[in-house]
Amino acid sequence: MIWTIIVLLVLASWICAFVLNIQEKNRSKRFSQFLAENAQALMDGSSRDFEGYTYKRDTKLIQYQFAVSVISLSMTRGTSLRPSENKTWLLIVCTLISALGGWWGIPWGPYYTIRSFINNGKAKEVTIQQLIFSVNNQN
């Protein structure tokens, strides 16, 4: 009975990781496009809306990681940059996915899982202004 519950939880975490990964990739592309189109207005002090949230140049963003493993395949994935005001639910989701589905890969599963916990614990916030400045300096 207990093994059935464990297997179901691990399978659920893998499905959640798959869905979250697709959603975050798509959101990241949309957010990059939003920043490219609105960079000048944001730097000039205007505010712009994106997916129900108002962004300004001093809006703080944060990104988290999650680990997923299946037998010998282990990987980490990151979320898209999100306003740090919404960080609690995303941190919980990433932690649960890693805790339930990250350990199972041999040999890298435990390493990636622990690394994602550490990285999420010390995740740093970045402002829109810093992000736009760093993107402009790369070009």
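The cysteines and the cores

Mentor: Cys 94 counts as buried because its relative accessibility is 0%, where buried means under 20% relative accessible area, exposed over 50% and partly exposed in between, with a 1.4 Å probe and protein chains only. Please keep in mind that this is a predicted model, in which local features need pLDDT of at least 70 and side-chain atom pairs count only at pLDDT 80 or more, while totals for chains, interfaces and linings use all residues. Residues are numbered from 1 along each chain as its sequence is written, and side-chain values use heavy atoms, with hydrogens and water left out.

Cys 16, by contrast, counts as partly exposed because its relative accessibility is 43%. The closest cysteine sulfur to that of Cys 16 is in Cys 94, and because 11 Å lies between them, they are too far apart for a bond. With a disulfide taken as a pair of cysteine sulfur atoms within 2.5 Å, the count is 0 disulfides.

Turning to the cores, a nonpolar core is a set of buried Ala, Val, Leu, Ile, Met, Phe, Trp, Tyr and Cys residues joined through side-chain atoms within 4.5 Å. The largest has 12 residues, including Phe 31, Tyr 53 and Leu 131, and two or more residues come from each of H1, strand S2 (53–55) and helix H4 (128–138). Helices (H or I, at least four residues) and strands (E, at least two) are DSSP runs, numbered from the N terminus. H1 gives the most to this core, with 5 residues. Apart from this core lies another, of 9 residues, and Cys 94 is among them, as are Ala 17, Phe 66 and Val 68.
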